[in-house]
Number of protein chains: 4
Amino acid sequence: MPANELGERLRVTIVGESHGRLVGAVLDGVPAGLELSEGDVQPMLDLRRPGRAPQSTPRRESDRVEILTGVYRGRTTGAPILLWIPNEDVDSSPYEGPPVPRPGHADYTAWIKYGGYNDPRGGGRFSGRLTAAIVAAGAIALKLLRTVLGVEVLAYTLEIGGVRARGDLTLDEIRRRYEDPLRCPDPEAARRMSDAIERARAAGDTLGGVVEAIALGVPPGLGEPIIDTLDGDLAKAIFAIPGVKGVEFGAGFAAARLRGSENNDQYVVEGGRVRTITNNSGGILGGISNGMPIVLRAAFKPVSSIHIPQRSVRLDTMEEVTLTVRGRHDVCVVPRAVPVVEAVVGIVLADHALRSGAIPSVLR
Amino acid sequence: MPANELGERLRVTIVGESHGRLVGAVLDGVPAGLELSEGDVQPMLDLRRPGRAPQSTPRRESDRVEILTGVYRGRTTGAPILLWIPNEDVDSSPYEGPPVPRPGHADYTAWIKYGGYNDPRGGGRFSGRLTAAIVAAGAIALKLLRTVLGVEVLAYTLEIGGVRARGDLTLDEIRRRYEDPLRCPDPEAARRMSDAIERARAAGDTLGGVVEAIALGVPPGLGEPIIDTLDGDLAKAIFAIPGVKGVEFGAGFAAARLRGSENNDQYVVEGGRVRTITNNSGGILGGISNGMPIVLRAAFKPVSSIHIPQRSVRLDTMEEVTLTVRGRHDVCVVPRAVPVVEAVVGIVLADHALRSGAIPSVLR
Amino acid sequence: MPANELGERLRVTIVGESHGRLVGAVLDGVPAGLELSEGDVQPMLDLRRPGRAPQSTPRRESDRVEILTGVYRGRTTGAPILLWIPNEDVDSSPYEGPPVPRPGHADYTAWIKYGGYNDPRGGGRFSGRLTAAIVAAGAIALKLLRTVLGVEVLAYTLEIGGVRARGDLTLDEIRRRYEDPLRCPDPEAARRMSDAIERARAAGDTLGGVVEAIALGVPPGLGEPIIDTLDGDLAKAIFAIPGVKGVEFGAGFAAARLRGSENNDQYVVEGGRVRTITNNSGGILGGISNGMPIVLRAAFKPVSSIHIPQRSVRLDTMEEVTLTVRGRHDVCVVPRAVPVVEAVVGIVLADHALRSGAIPSVLR
Amino acid sequence: MPANELGERLRVTIVGESHGRLVGAVLDGVPAGLELSEGDVQPMLDLRRPGRAPQSTPRRESDRVEILTGVYRGRTTGAPILLWIPNEDVDSSPYEGPPVPRPGHADYTAWIKYGGYNDPRGGGRFSGRLTAAIVAAGAIALKLLRTVLGVEVLAYTLEIGGVRARGDLTLDEIRRRYEDPLRCPDPEAARRMSDAIERARAAGDTLGGVVEAIALGVPPGLGEPIIDTLDGDLAKAIFAIPGVKGVEFGAGFAAARLRGSENNDQYVVEGGRVRTITNNSGGILGGISNGMPIVLRAAFKPVSSIHIPQRSVRLDTMEEVTLTVRGRHDVCVVPRAVPVVEAVVGIVLADHALRSGAIPSVLR
C-alpha cells in the first residue's frame, strides 16, 4: 500500500516536510547506464523556484539538489536514486499555537487522520514545497524519455483568474513558455493574467487557473488497461499536486457536448504511419497511447491562504473562531505548477514506457 | 503491476471479454462476516442492463450473476469472491474481416499493444460489457459501506448532449434517479435529453454527457496522501470506465475561475461536529475526506459507434478505407454509466475505508 | 495488499475452496501470442491427481480444467486468463459439528483470523486442493518458459520418511520421475519409501519428506535485489504450498558447515560462456540467477490428518476434548507435491523473466 | 514492482551503497504517535557494528544514524521516515581494475544484470553494509511491536563452523546473547566457535553458521494466506540478508523425518487461552500465527572473501585468471547477522500486525 509512492516500474517515493530538514525522493527502477548528474536536475528545479515574479511567495530557498545514491562514474547503476533538497528558509512561527484549520488547506483532514500528530509547520506533508521533490524526480524521468525515446513534454499556463491563452498557440510558441514569468506563451493573455494577479493581491485574495500539458513523441502502446490505463495513471498522479480539482484529456469536458461524428478522430496514413486527423482523444484510446500528442489539462483552485478573515474552529476546544492566515504564500501557484505538471507527466510516461518495454532495463 | 486490478486493500480483478464466455470479477479483501448473496448484487446489475429505453443497444443479456467462491452459510469468509456473469447474446459477425480500427474505439491501440492478438469481437476487453463486472463488484463494496458505515452513494445523469439538469436538485429528488430511464432526476431536463437522443439517433449519430456522483456519510480521514489520495484514486478508477475524458471534484474546473475568498470552505461547528459552510472542495482536502459529501463529475464522450461513414486504415495493408460501423450499440451510454460510476466510487471508498481501519477486517 | 496473489509481472490470483464449487486461478500478465489450450494444462494437473498409489487420498476428482477467458483463436490475447477446475467429489459431513481444530491443520488459526466465518469444509482455503489451481497456472508459466527461453523445471521426491534418494542421480534419471508413483527417480529408494508409507498407514500415521527442484536453462540476470531476490521470491512462493516448513538453495543448511574455500563456486569459461565449477550456490548469487541450474529443496512436514486420537479444544466452549480426525486424506503428500513445486518454480521464474525483459510482453 | 522495498503496510525502502555516501532507509506506514528518536535506533545499530571481536572486519564505521523526516516533537507523524547512516571508512582501491568476479559474491550476476554499470566498490548494493539500514529500520519496527503489542524478538547464534549451541537454552540465557561477542548464549559452545574462527582465520578461510530467532508475544492471526503467509513473508525477507541459503520454521527440515503423530502440536487450554503442548510448527499454521512463539532458523554460508587464490574470469576479455581477494572482511558474519535477523523479523511482524489491524494506524 504505497501511500507515498508514484509508479510501478519506475517508482518515486516522496519524503520530507515543508519545514523539516529536507524534501527528497527515492527513484527506484531507473535503468542502469543513464548519464546523470545534478546538472540534469537543477535547471528544472530552478524553474519551480519562487522567482521575483509578483505572484510568488517571499520564501527564499536555493533548492540545491544533491544525488546521493544510485550513480557511479556519472551513470545510473540500476540502484535506487536518493535525491535531497535541504530546506533553508524556514519560519515556523505562524504555525505555533492552537489547532485552527485554515480553510482550503489540509490542516483539518490531516489533524483528523493522524490524530493530531502530523507536522503542521508550513502545511507539513501537504505543502507545495513537496513538489520540489517531484520536480527533481521528474527531471530524471524526462531525461530518460528524451534520451531513449525522443519524448518531449511541454506544460504551460493556459488560464489564470479566468484569463485564457489563445487556442491556436504553435509548438514553437509553447516551447518558449519559460521566457514568461507566468509560463504563458501568449503575451497578450499573460499581461491580462498579470493584471488579474495584481488585483487579487491588492484585495488580499488569490487566484487559480489551468495548466495544459502536451507530450510529443510518445510511442503508441503505452498504458495497461483495463485498470492501469495511461489516462487513469496520469490523472491520479496529477491529483497528487496540491490544489488540483479536475483533470481532462483531449476535448475533455467539452467532448460531453459533441456528437460522435464530431468527436471521433478518423484515421489516415501519413509518412507510412497511422495517425488521426483530429486529436480529440488527447492521444489516448482505451487507456493506451495512440502515437498522437498526449494532451491534458489540470484545473488548480485558487491558493487557500488569503489575507482576509475567515471562519474556522479551534479543534481542541471546538470553539468557533475567526482566523486570519499568516505565513508567506503565492497569490497564484499556477506558474510554478507548470514544471510540476511536466515532472508528473514525465514520471508516469517513463513508468509506462518501462512497463511496456519501450524503455529497456539497461541502456546499452 | 496490477494491470487489471482496482484497489489495494479491497482488490477487484476484472476478467472476461465482450464476446467470450463471461465477464467476471475477483474481489479480494472483503471482510469476513458480511451477509452476502446474489440478491445483493443482481438489482444493481439490472440497473445497468440495456433497458427498453430508446438510447440503448438492442443486445439482450439477462446478466445473471453468480457468486462462486468466498461465501459460506450466507456470509463472506474472508476468501476471494469470484463473480461470474455469462455472456449470452453474442453476435461476433461484424467483427470478422480485416483489421480496420473504428474511430474512437480502442481497436487501433489494442492492435498495436497486443501485436494483433487481442480479441476484437465486440471490442473485447475494451467493451462497455466489462462494466457489468465492475457493477457486480461495486454492489458488494456498496453493501459493505452501507452496512458498516452508513455510506450512501448516489450518481445520476447531470447532462446529456448539452442539456443539463437543474443545479438545485434535492437529495430526495436524486434518490429517485432510477425511476427515470435516463437516470436524470430533473424531469424537464430528462425530456429534453430524450429529444436530443432521438435527434442524434435519427442522424445515425451519438451523444455524450456528464454523470455526477455524491457520497453521503463518508467519515473524515479516508485517503492516503501524498500519492494514494482519495481524489486521485477515485479519478484513476473513473478513467477505467470506457468513454470518460474528464473528472472533477467539487467546484472542479470552475474553481480555477474563483478567488480564494470565494472558493475556500469555511469551518463551523454543527451538532457538535466540524463541518464546512460550502462544499467547493467536494469533500476532499489534501487527498483526505473531510466528512462533507464527496462530489465528483465524470465527462463521457459520445459513443464512438456511429452509423455514418468514417475514414480509417486497414492495418495489415496500410490502405486507407472508408468504414461504416456495424454492430449493436447505445446512442448514449450516460444513463447506463450511472450505476457504473456508483460502483466505482463504492469500490474506491470501501478500499480506503479498509485501508484507514474505518472498516475492520472481520465484521463481528 | 495481494493476500492471494503470486507474482508481480505475471500475477496469479488463487480462488476457490476445497468443498466449494471450484478452485481456480486468474493469470494476469501472460504475454499475448502464446499458443494455449486446455491440452497444455491438463497433463500437468493429471500428475497432481490422487492416483491409485497407496499413499493417496480416496477422494476422486476428475480435475478437468477449462480456460474461460484470455484466449482467442488458440492464442493468448494479453488479457487475464481465468482457469476453472470444478470440485466434484465433495463430502463435507466430517466437517459439521462444533469447532474443534485438528492439530497441525490451519483450523485454529483460520478460526481466529476470520472470526469463525471461514469455510471449514475440507480445510476450506487451506486445503491441498487449492494446489490444483496453482498447478494449472504453473503449467502455463512453464510452457511460456519452455517456449521462449528453453527453460526446463524438474522436481522430484528426494526423501520420504527419512529414506533419501541417491545423491548422484543423472538428469536423464530425474526426467523419468513421473514413471514412479512416488515421483522418486531412484527405484531402490522408492521401494523403501513405499514400505515406510505402508508402515505409517498401518499405524494410522503419516509421513513427510523433501522435494528437490532443478531449473535448467535459466538465463543469468533474473532476480530484483535487494528485496525481490530470486531466492526470496521462490522461497515465499514455496511456503504457499501447504505443509512446507523449510526451503534451501544449493548447499543450503549444509553450507553453514563448509568453509569459504569449500563452498565458493569458482569461475571458468566453457563454450565461450562463464560458468562455475561447482554449484553450491544453487544458481543464485546476490538474489540473481547466474546461469547455472537453480537447485532448491522444500521440506514437507508429515500430513496432519492422522487416525490416532489427539488432544484438542472445542473453541466455542473452551472445553478440552479428544479428537479423532475423519475425512479422506493422503498418508504422504510429497509425491503429489512434486508437480506443485514445479508449478510454483515456473510461476516465479516466468514472473522474473518478464520483469527483467528476458520474456517480452508480446510474442511475435 | 518494488525491487528494493520490504513490506506492504509497513514499507521499508533500502537505499545506498557500501562505498557511496550513505546507506539509508525510508519507512512508510509507521503509525502516527509513536515516540521516536535516534536513541531508539542507535543501540541496535551498535550491536551490528564490527566490534573488536576477532572474527570482524577491520573497517571502522561509527554508524551514527539520523532520523531526517517523519518525526515532529518527538513523535512519528504518519509521514515517511528517512534514516541516514553516512559511510565514513571507505577504501575503494581494491575494487579498481578489470572486472574479475570474486567467487561467492554477487559481482558476476550484478555485472550481467546491470550491464556493467553497477557500483562494484565493496560489493556496492550487495554488501553486508546495507544491513545497517535494515537494522535501523528494524529497530523502529521492533519498538512499535514492543510498545503496542509487547512482542519481543530474540535472535542468537545457534551454530558456527559446525559447533552448535545446547538445545535446552532458557529464554533468560538467550536474553543475555549480546553479552557474548559471538552472540551465542551457550558459553561452552561460544568458546569452541571462537576456536573454529581462529583456525579458519589462520588458514585465510571463513566460516558460516545458523541464526535462530524467536518472537514472543505475537498475537494469533497474523499472516495473509494463501500467498502472503507469515512464514513466506518472513522467509523472503530473510533471504534479503546476504549469505542466507536456507530458512526453516519450528521443526523445519527435521519435520520431514517425523511422523504426523510426533510432529502435530496438540491443543490444550492454559490460563484461559488455547495453546499447543509442543511447538513443532514454530508458531505458524496455514501461514497464520497461532499465538505460540515464532521460531525460525536461517543458514548462512561462509563468508565469500577468502585469502586463498581462486579461479575466476576477466569478464571484459573472457580470460581465465587466478584471483586473490583483497579488501577488509569478516571471517564469520553470523554474530553480526544476529541483530539483522531480529530487524528483519521485526519489520515483517510489524507489517503483518498493521495489515491485520493488531496495530492501529494512529497510536492514541
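Is A:M318 buried or exposed? What you see is a predicted model, where local features need pLDDT of at least 70, side-chain atom pairs count only at pLDDT 80 or more, and totals for chains, interfaces and linings use all residues. Residues are numbered from 1 along each chain as its sequence is written, and chains are lettered from A and ligands numbered from 1 in the order in which they are written.

Okay, back to A:M318. It's exposed, because 11 other C-beta atoms lie within 10 Å; the cut-offs are 12 or fewer for exposed, 20 or more for buried, and partly exposed in between, with C-beta atoms placed from the backbone. A:M318 sits in the loop between β17 (310-314) and β18 (319-323) of chain A, strands being DSSP runs of E, at least two residues, and helices runs of H or I, at least four, numbered from the N terminus. Its phi is near 60 degrees, a positive value in a residue other than glycine. Most residues other than glycine have a negative phi, and most peptide bonds are trans.

Speaking of which, the bond from A:P225 to A:I226 is cis, with omega near 15 degrees. A:I226 is in the loop between β10 (209-216) and α6 (230-238) of chain A.

Now the copies. Chain B goes onto chain A with an RMSD of 0.0 Å, by a turn of 180 degrees and a shift of 0.0 Å along the axis, superposed by least squares on C-alpha atoms of residues with pLDDT of at least 70 in both. So these two copies are related as by a two-fold rotation axis.
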